[in-house]
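Subject: Structure for your review

Dear colleague,

I am handing over the structure below, followed by an account of what was found in it. Please read the account with the coordinates open beside you.

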Amino acid sequence: MASTLTGAPQRVRVELGERSYDIIIGTGLLARAAELFKPLKLGKRGVIVTDSNVGPLYDAALQQALRAGGIETEILDVPAGEPSKSLRQANRLLEHLPSLGLDRRSFVVALGGGVVGDLAGFIAATYLRGITFVQVPTTLLALVDSSVGGKVGVNLPQGKNLVGSFYQPRLVLADVDTLKSLPERELRSGFAEVIKYGAVRDAKFFAWLEREYQRVLRREPDAVAHAVRCCCEIKADIVSKDEHESGLRAILNFGHTVGHAMEALVDYEGLLHGEAISMGMCFASKLSVKLAGLSEAESKRLCALLEASGLSTRPTEKFDMNRLLEAMRLDKKARNGKLRFVLLKRLGEAVVSEAVTDADIEEVFNVCCR
Ligand SMILES: NC(=O)c1ccc[n+]([C@@H]2O[C@H](COP(=O)([O-])OP(=O)(O)OC[C@H]3O[C@@H](n4cnc5c(N)ncnc54)[C@H](O)[C@@H]3O)[C@@H](O)[C@H]2O)c1
Ligand SMILES: [Zn+2]
């Protein structure tokens, strides 16, 4: 697979009929925001929602670029971190909007990681029953996952992502330059999702990652842009076939059954999402060897790539098997307490299974988690 050249941005189209949109991937895109927003025929006023880490780095550049194109924006920021994905913050932001003279042609830009994207998207979806939404993702996870596909929402004290909607952006501006300032650990965590796309849908991309992962982790723009493009193409294809996750889209939950349970068991403290998913993917690949015909060699390739990328494939702390099972059953993706696992038939081909038994899980648990 040829490497993406820097220079001209790449475009990936998410085909959803009237709600289709482009993901523009490249470098130096923030400075070109006015020109790139132009085809959307936005109103002359909007808001940029960002967080306390990302705002000081990038909001002025984005605001100035839009101002140069005759678009005025107000910057609204929230404290960095998952607790900001709350009804309280949504309420605070929403109550601020009427004073800004926005109308139905006004827009909301999310400038940040998945937290800002989900929160800003929720506001865009609900204010005036929906105003234009643009994503400007700044974490690797947001570039390859959360900014594409239209899941927006906030958490409740009782659980993550319990309130929300499907609301597609009109544009995703994926400026890979923003990754330069991303903390190393966040980058590696996002990289787990990148590996996931290859594992479930694209063996060639997986092999490219095996060769080039160090260049991506060194943040070389052409390698990052290529990886982001491949992931976005896969996600765009899946979302356009199954927007509301009634079937195919579920394969993107590879590694997430165990990963989510681990995150819940540590109360989301000290374990990043991608770190949990890395362990979950290794676990699911071992289940796949047992139940779905994945070769031992391919399972090893997956776990080796995760480890070479600085991700753990076994828990760093001891989990109790019964508590893990219980947490998996409580996950909102389980149906009537029935566990759903995404398994690999081979690298690049996934299936969803509800036939995994507690005994299967225990057997793999004894190999992976002790
Ligand atoms: N909507 C979806 O489809 C979807 C998919 C996956 C995850 N999510 C959600 O995404 C959220 C996690 O997103 P995340 O991992 O991006 O976390 P995040 O938004 O909390 O960002 C991680 C940290 O990096 C900082 N940061 C972001 N960009 C930066 C940059 N360029 N330079 C320096 N610091 C930067 C942030 O301030 C934060 O401290 C979760 O709430 C999850 O539920 C949503
Ligand atoms: Zn994930």
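How close do the axes of helix α9 (residues 256-265) and helix α12 (residues 321-330) come, and at roughly what angle do they cross? In this model, which is predicted, the two axes come within 8 Å and cross at roughly 110 degrees. Because angles of 65 to 115 degrees count as roughly perpendicular, that angle makes α9 roughly perpendicular to α12. On the α9 side the contact is formed by T257, V258, A261, A264 and L265, and on the α12 side by R323, L324, A327 and M328. Sorted by class, the residues of this contact are seven nonpolar, one polar and one charged.

The crossing in which α6 passes α8 is left-handed, and its contact is made by V194, Y197 and R201 of α6 together with A227, C230, C231 and I234 of α8. The residues of this contact divide into six nonpolar and one charged, with no polar residue.

With helix α10 (residues 273-291), α6 packs at an angle of about 40 degrees, and the axes are 7 Å apart; α6 and α10 are therefore likewise described as oblique to each other. The crossing of α6 and α10 is also left-handed. Here R188, S189, G190, F191, A192, E193, K196 and A199 in α6 meet H273, G274, E275, I277, S278 and M281 in α10, and by class the contact has five nonpolar, five polar and four charged residues.

Turning to the domains, the assignment for the protein chain gives domain 1 (10-180) and domain 2 (184-368). The centres of domain 1 and domain 2, taken over C-alpha atoms, are separated by 27 Å, and 26 residues of domain 1 are in contact with 26 residues of domain 2. On the side of domain 1 that touches domain 2, the elements that give two or more residues are β1 (10-14), β2 (21-26), α5 and β8, and the largest share of that side, five residues, comes from α5. That side of domain 1 divides into 14 nonpolar, seven polar and five charged residues.

Finally, there is the ligand. Ligand 1 is surrounded by 29 residues, of which the closest are N53, G113, G114, T139 and S146. At least two residues of the shell around ligand 1 are supplied by each of α2 (54-68), α4 (114-126), α5 (140-146) and β8 (159-166). The shell around ligand 1 divides by class into eight nonpolar, 13 polar and eight charged residues.

With best regards

Key
Residues numbered from 1 in each chain as written. Chains lettered and ligands numbered in written order. Predicted model: local features only at pLDDT ≥ 70, side-chain atom pairs only at ≥ 80, totals over all residues. Near = placed C-beta within 6 Å. Helix = DSSP H or I, 4+ residues; strand = E, 2+ residues; numbered from the N terminus. Nonpolar A, V, L, I, M, F, W, Y, C, P; charged D, E, K, R; others polar. Left-handed = near helix turned anticlockwise from the far one by under 90°. Contact = placed C-beta atoms within 7 Å. Domains from an automatic or database assignment. Axes fitted to C-alpha atoms, helices over the stretch in contact; angles between N-to-C directions. Parallel < 35°, antiparallel > 145°, perpendicular 65-115°, else oblique.
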